[in-house]
Amino acid sequence: MGEAATTGTVHSADGTSIAYERSGTGPPVILVDAAGGFRGMGPMRSLAAHLAEEFTVLTYDRRGRGQSTDTLPYAPQREVEDLRALIADAAGDSASLYGFSSGAVLALLAAAGGLPVTRLAVLEPPFEQDEQPPDEPDLAADITRLVAAGRRGDAVLHFQRSIGVPAEVIAGMRDGPGWSATEAVAHTLVYDLTLLTALPAEALTTLTIPTLVLDSEQSDARLRGWAQGVAETLPAGRHRTLPGEWHGVSDEVLAPVLADHFAGRAD
């Protein structure tokens with residue numbers, strides 16, 4: 001689908017090297033991964049292949065993952081700067097963003113921070129507007145401790161169980177071929193937990209970019225409630241529930257919906 005993918009790197013404001021892949025032609029769209037996801041692991045590369053028929057699609061490794069480097073100490077604003085560098089040096093003057101799960105929160109944070117984002121789509125952002133979940137600081141400390149002890153697999157499992165991933169989903173991931181790659185980025189799970197507390201709820205009320213907020217009909221009430229709450233708070237937000245599984249929607253269902261939104265056909 002579309003033109004053959006090309007790869008490259010951009011340098012963020014703090015010198016971190018961010019690796020990306022670009023495919024297709026048309027208006028630029030950047031895909032932002034969830035916790036543990038990067039170009040070699042997760043749904044974005046496959047989704048990009050569907051969208052590349054109509055758009056120039058960039059997938060990238062968030063800092064600390066895949067072929068991107070990392071610079072400590074971590075701060076959510078550094079990830080916003082990573083997206084700023086991608087837009088300026090790889091996409092052009094502006095881009096649309098699609099973010100999934102914690103990547104959705106990052107996309108919202110970037111757009112609210114003034115990056116030149118033309119359109120925004122997010123799938124199930126874990127964003128609690130009333131109050132942040134009280135166990136997240138302890139969870140981040142637990143993840144840090146387990147990684148420091150060399151127990152990366154245990155860190156991933158503890159993260160997944162703590163955020164409510166169903167047991168059968170965890171079992172499938174644990175027994176799958178990509179488990180070692182998931183363990184390799186276990187330290188970045190703390191980054192995602194930090195992101196969840198970085199976006200002030202009031203920032204959503206001033207974000208006027210056309211934004212599509214999606215959820216899956218098979219997700220639990222908490223995930224779907226978060227999505228609906230974000231959509232209702234955004235001045236230009238629109239909510240839609242799609243056929244799918246727990247915390248996920250297939251490319252065949254998701255890609256046409258995103259394409260219509262990014263092209264302005266669904267307005």
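Trainee: Is R265 buried or exposed, or partly exposed?

Mentor: Burial goes by relative accessible area: under 20% is buried, over 50% is exposed, and in between is partly exposed, using a 1.4 Å probe and protein chains only. R265 comes out at 47%, so R265 is partly exposed. Before we go on, this is a predicted model, where local features need pLDDT of at least 70, side-chain atom pairs count only at pLDDT 80 or more, and totals for chains, interfaces and linings use all residues. Residues are numbered from 1 along each chain as its sequence is written, and side-chain values use heavy atoms, with hydrogens and water left out.

Trainee: Which residue forms a salt bridge with R265 at 2.6 Å?

Mentor: The general idea first: side chains of opposite charge can pair when their charged atoms come close. A salt bridge here is a side-chain nitrogen of Lys or Arg within 4 Å of a carboxyl oxygen of Asp or Glu. For R265 at 2.6 Å between the closest N and O atoms, the partner is E54. This pair links distant parts of the chain, 211 residues apart: R265 sits in the segment after α11 (251-262), and E54 in the loop between α1 (44-51) and β4 (56-60). Those labels are DSSP runs numbered from the N terminus, with helices being H or I of at least four residues and strands E of at least two. E54 counts as partly exposed because its relative accessibility is 30%.

Trainee: What else does R265 pair with, and at what distance?

Mentor: D260 also forms a salt bridge with R265, with the closest N and O atoms 2.8 Å apart. D260, at 32% relative accessibility, counts as partly exposed too.

Trainee: And where do R62 and D192 lie?

Mentor: Their side chains meet in a salt bridge, 3.1 Å from N to O. R62 is in the loop between β4 and α2 (76-91) and D192 is in helix α8 (residues 189-195), so the pair ties together parts 130 residues apart in sequence. Both R62 and D192 are buried.

Trainee: How many salt bridges does the structure hold?

Mentor: There are 14.

Trainee: What is A155 in contact with, beyond its sequence neighbours?

Mentor: Contact means heavy atoms within 4.5 Å. Leaving aside neighbours within four places, A155 touches I143, L146, V147, A186 and L189. A155 lies in helix α5 (residues 152-162), and its 0% relative accessibility makes it buried.
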